[in-house]
Amino acid sequence: MDSWWNLGEWSGHRGSELALYNIICPFCGERGNFSVEHSAQKKKPNGHKALNFETLKCGSCASFVQVFWSATHDMHDFRVQPWPLKISKAPEHWPEGIGRYWLQAKRCLKDENWDASAVMARSALQLAMREQGASGRTLRDEIDDLAGKGILPNIMKEWAHEVRGLGNDSAHPSVDQAATDPRDARDIIQFLDFFLEYSYSLPKKINDYRARRSSDGT
């Protein structure tokens, strides 16, 4: 997004009104329990697009958040400040099981449970491979299978094996095995983010683009 005027352009959430039920209080974690304390709007010069600025009050802990949002074509998107530091859910367009393991990997990382984060990352990766039709007796075989089919680029194949290896070390430890290096855990989770973005978020963005083009008749 190269301009805030593009916020909500064929991406985000359904509906032209702010989805309060999707907003999480960054202080107490309560979802959707807000009242609007102040609203302001700025319209684009020589256009119809509007940017909305709202101050919300949490009905649970009485803390305040600022929400910046905009809507176009029955879609809207928003940004919240401050944002929750705790990750509460995976993107809705990801398969449920994959999102569940990814979320656990993220939470383990935040809590500095490095071994557990590696295991959960490996589980998310293997489930993603299987969801995309990979064949093989082991995760190694499944990674190589998707790469051989052209579904997984070679550079991502190499990184996928790194996730597999680190996860294997943590899931099947030896007596004298050292703890997972925090830097390795962070790098592996970051790769998992890239992999899931490539596998699920990018195709969704392409489909959204095609839907917009089709709707516009172009």
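User: What do buried and exposed stand for here?
Analyst: Buried means under 20% relative accessible area, exposed over 50%, and partly exposed in between (1.4 Å probe, protein chains only). This is a predicted model, where local features need pLDDT of at least 70, side-chain atom pairs count only at pLDDT 80 or more, and totals for chains, interfaces and linings use all residues. Residues are numbered from 1 along each chain as its sequence is written, and side-chain values use heavy atoms, with hydrogens and water left out.

User: What makes R130 and E142 a salt bridge?
Analyst: The rule asks for a side-chain nitrogen of Lys or Arg within 4 Å of a carboxyl oxygen of Asp or Glu. The N to O distance for R130 and E142 is 2.9 Å, so the pair qualifies. R130 lies in helix α2 (residues 114-131) and E142 in helix α3 (residues 139-148), so parts twelve residues apart in sequence are tied together. Helices here are DSSP runs (H or I, at least four residues), numbered from the N terminus.

User: Why is E142 called buried?
Analyst: Its relative accessible area is 3%, and buried means under 20%, so E142 belongs there.

User: How do you know that K106 and D193 form a salt bridge, and is each buried or partly exposed?
Analyst: Their side chains meet at 2.7 Å, N to O, and the limit is 4 Å, so this pair counts too. K106 is buried at 17%, whereas D193 is partly exposed at 23%.

Key: Helices (H or I, at least four residues) and strands (E, at least two) are DSSP runs, numbered from the N terminus.
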